[in-house]
Amino acid sequence: MQQHLARELTKKVTEYLALKNQHLDPDNKETLGEFMGFWLKEVRFTKGLKNSTKERYLGLYENYILNPDKFLISRNKNITNIDKLFISNIPMIKINTRCIQEYYNALHESDISSSTIISINKLLKPFVKYAYINNTLIRDYSIGLIIPNAKEEKNVKRILGMTLKMYLQ
């Protein structure tokens with residue numbers, strides 16, 4: 001029992017020191033949702049964006065990142081990975097590529113269109129890069145993310161459009 005506790009303590013100390021060595025604050029409990037709210041209002045929105053762009057970004061942030069339960073209420077689908085949709089509750093120190101990819105996959109499973117997921121990705125990418133540059137994340141975890149079924153969905157829409165044109169002629 002004592003050996004197990006000693007191993008656990010050693011593991012936690014090693015993880016703590018590793019984060020310290022990478023100039024990260026291991027005691028930082030700020031979540032992705034909190035940090036992204038700061039980033040949007042204090043960094044991104046100071047770049048001279050159009051009001052329509054700000055509104056779109058705020059809508060994506062509030063509806064899909066901060067409060068995914070808003071769009072879940074309107075869907076009657078049983079979602080197996082519902083916990084993956086609540087990415088805003090994850091402490092920044094624990095965010096990685098896998099968290100973000102699982103979030104995108106859960107959005108897709110919830111019938112969120114690939115174009116909406118692409119828009120969310122366009123918002124998350126500069127946010128993750130900012131967090132990395134400012135020593136909130138160990139690396140830029142937005143690299144290598146895959147939008148689920150983006151090409152397949154585009155092809156289905158194209159085929160449906162062609163089929164509809166044939167019937168209307």
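1. A residue is buried when its relative accessible area is under 20%, exposed when over 50%, and partly exposed in between (1.4 Å probe, protein chains only). In this chain of 169 residues, 33% are buried.

2. A word on the source. This is a predicted model, with local features needing pLDDT of at least 70 and side-chain atom pairs counting only at pLDDT 80 or more, while totals for chains, interfaces and linings use all residues. Residues are numbered from 1 along each chain as its sequence is written, and side-chain values use heavy atoms, leaving out hydrogens and water.

3. The chain has seven helices and zero strands. Helices (H or I, at least four residues) and strands (E, at least two) are DSSP runs, numbered from the N terminus. Read from that end, the order is α-α-α-α-α-α-α.

4. Look next at contacts, meaning heavy atoms within 4.5 Å. Take the contacts in the chain with a separation of 6 or more: residues 24 or more positions apart account for 66% of them.

5. How do the axes of H2 and H3 cross, and at what angle? Helix H2 covers residues 32-42 and helix H3 covers residues 51-66; their axes come within 11 Å and cross at roughly 175°. Axes are lines fitted to C-alpha atoms, for helices over the stretch in contact, and angles run from 0 to 180 degrees between N-to-C directions. H2 and H3 are therefore roughly antiparallel to each other; that label needs an angle over 145 degrees.

6. H2 brings Leu32, Gly33, Met36, Gly37 and Leu40 to this contact, and H3 brings Tyr57, Tyr61, Ile65 and Leu66. Seven of the contact residues are nonpolar, two are polar and none is charged. Here Gly counts as polar.

7. The buried residues of H2 are Leu32, Gly33, Phe35, Met36, Gly37, Trp39 and Leu40. They pack against H3 and H6.

8. A nonpolar core is a set of buried Ala, Val, Leu, Ile, Met, Phe, Trp, Tyr and Cys residues joined through side-chain atoms within 4.5 Å. The largest one has 35 residues, and Ile65, Tyr104 and Leu107 have the most contacts inside it. H2, H3, H4 (69-73), H5 (97-109) and H6 (114-133) each give two or more residues. H6 supplies the largest share, seven residues.

9. Leu107 touches Tyr64, Phe71, Leu85, Ile112, Ile117 and Ile120, not counting residues up to four places away in sequence.

10. Is Gln101 buried or exposed? Gln101 lies in helix H5 and counts as buried, because its relative accessibility is 18%. Beyond its neighbours within four places in sequence, Gln101 contacts Gly144, Leu145 and Ile146.

Methods: Angles under 35 degrees count as roughly parallel, over 145 as roughly antiparallel, 65 to 115 as roughly perpendicular and the rest as oblique.
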